[in-house]
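Please find below a note on the model, arranged as numbered points.

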Amino acid sequence: MTNLPADSHVHSEWSWDTLTGSMAGSCERAVEIGLPVIAFTEHVDHTSWRVPATGPYASSELTAAADPDGLLHPPAFDAAGYLAAIEHCRERFPGLRILTGLEIGEPHWYREQIAKILAGGAFDRVLGSLHCLPDGDGHAEPWALFPHRDPAGLVREYLAEIPRMVAGDDPFAVLAHIDYPLRFWPADRSGPFDPASFEDEFRYALRATAESGRALEINTRIPLDPTILAWWHEEGGPAVSFGSDAHRPELVAHGFREAAAMADAFGFRPGPTPYDLWSRVD
């Protein structure tokens, strides 16, 4: 497989010895399947969110990590530890191009904090993502909200926040997983998800992203509905990237062949190097 950089997310709340081993495992997997490039887009989050105490997503692990008020606070980003882990992998896998990267959660809410992080070093690939939504006087992830919110209304609320996120000049080049809430869509009580029911909302979010000059990530944690990619092209989307969201080495680049075929079918083509975005060809 060529011309497809794999985006593999890592977590700074782990010890860096453990993390370096996981990153090395992801590099081994990339070499095994013939990927020329891998990008480790480390999560940088600042939004504290409420851990569900009851319901299908209640977790003793999350509860133990939360504070006495039931809030989970993201750990501070350890840039030095992250970059040291990257250098270790580069030394161990000299034939593999290893890119640095960040996935910044809710970047439009934390401009000052993000600016300080980005000022401390160069990162090859910076993604912006929306993981949390307002929940009363706090915030929560979609999966924690679905059990007690109208699912369709929640998806519309999520998509309405995307244009606000891409409206500024926040320094991220790629919008990550626009379909993030769909990973948790409650099909058992709402039926299969139909993107056509949200066409106006998706198109508005996609158009705003395209007008900002940013690329759209085709995240393969779950297959992106081809209809959403068709709307991206129709709304002027300039480019796409591919992210496997591989929190485990065995998932590096999973679904990339199908994602690449879909991108090609909608007129996106690879650039001259394997780490370039795929740009539209009209």
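How many bridges join strand β2 (residues 37–44) to β5? The first point takes up this question after a remark on the source.

This is a predicted model, in which local features need pLDDT of at least 70 and side-chain atom pairs count only at pLDDT 80 or more, while totals for chains, interfaces and linings use all residues. Residues are numbered from 1 along each chain as its sequence is written, and side-chain values use heavy atoms, with hydrogens and water left out.

1. Strand pairing. β2 and β5 run parallel and are joined by eight bridges. Helices (H or I, at least four residues) and strands (E, at least two) are DSSP runs, numbered from the N terminus; two strands pair if DSSP finds at least two bridges between them. Val44 has Ile104 of β5 as its bridge partner. β5 also pairs with strand β6 (residues 125–129), again in the parallel sense, over five bridges. There, Gly105 has Ser129 of β6 as its bridge partner.

2. A residue is called buried under 20% relative accessible area, exposed over 50% and partly exposed in between, with a 1.4 Å probe and protein chains only. In β2, eight of eight residues are buried; in β5 (residues 97–105), eight of nine are. In a regular strand the side chains alternate between the two faces of the sheet. In β2, Val37, Ala39, Thr41 and His43 point one way, Ile38, Phe40, Glu42 and Val44 point the other way, and all are buried.

3. Nonpolar cores. The term denotes a set of buried Ala, Val, Leu, Ile, Met, Phe, Trp, Tyr and Cys residues joined through side-chain atoms within 4.5 Å. The largest core has 75 residues, and those with the most contacts inside it are Ile178, Ile218, Val240 and Phe242. Helix α6 (residues 151–166) supplies the largest share of this core, eight residues. Another core, of five residues, lies apart from it and includes Leu127, Val174, Ala176 and Ala239. In soluble globular proteins, nonpolar side chains tend to be buried together.

4. Aromatic pairs. The structure holds 13 of them. Rings of Phe, Tyr and Trp (its six-membered ring) pair if their centres lie within 6.5 Å; planes under 30 degrees apart count as stacked, over 60 as edge-to-face and the rest as tilted. The pair of Trp185 and Phe193 is edge-to-face, because the ring centres are 5.0 Å apart and the planes stand at 80°. Phe242 and Trp278 are also edge-to-face, at 5.0 Å centre to centre and 75° between the planes. Since Phe242 lies in strand β11 (residues 239–243) and Trp278 in strand β13 (residues 278–280), this pair ties together parts that are 36 residues apart in sequence. Both Phe242 and Trp278 are buried. Trp185 is buried as well, with a relative accessible area of 15%, and belongs to a cluster in which ring pairs link Phe146, Trp185, Phe193 and Phe198.

5. Charges over rings. The criterion is that NZ of Lys or CZ of Arg is within 6 Å of the ring centre and within 35 degrees of the ring normal. Arg97 lies over the face of Tyr275, 4.3 Å from the ring centre. Arg214 lies over the face of Phe172, at 3.9 Å from the ring centre.

6. Cysteines. Zero disulfides are found in a search of the whole structure, a disulfide being a pair of cysteine sulfur atoms within 2.5 Å. For Cys89, the closest cysteine sulfur is that of Cys27, at 4.2 Å, which is too far for a bond. Cys89 is buried, with a relative accessible area of 0%, and Cys132 is buried at 2%.

7. Helix α10 (residues 256–265). Its buried residues are Phe256, Ala259, Ala260, Met262 and Ala263. Gly267, which follows α10, has a positive phi near 90°.

8. Glu106 is not a glycine, yet has a positive phi of about 50°. Glu106 lies in the loop between β5 and α4 (111–119) and is buried, with a relative accessible area of 1%. Ala253 likewise has a positive phi, near 65°. Ala253 is placed in the loop between β11 and α10 and is buried, with a relative accessible area of 7%.
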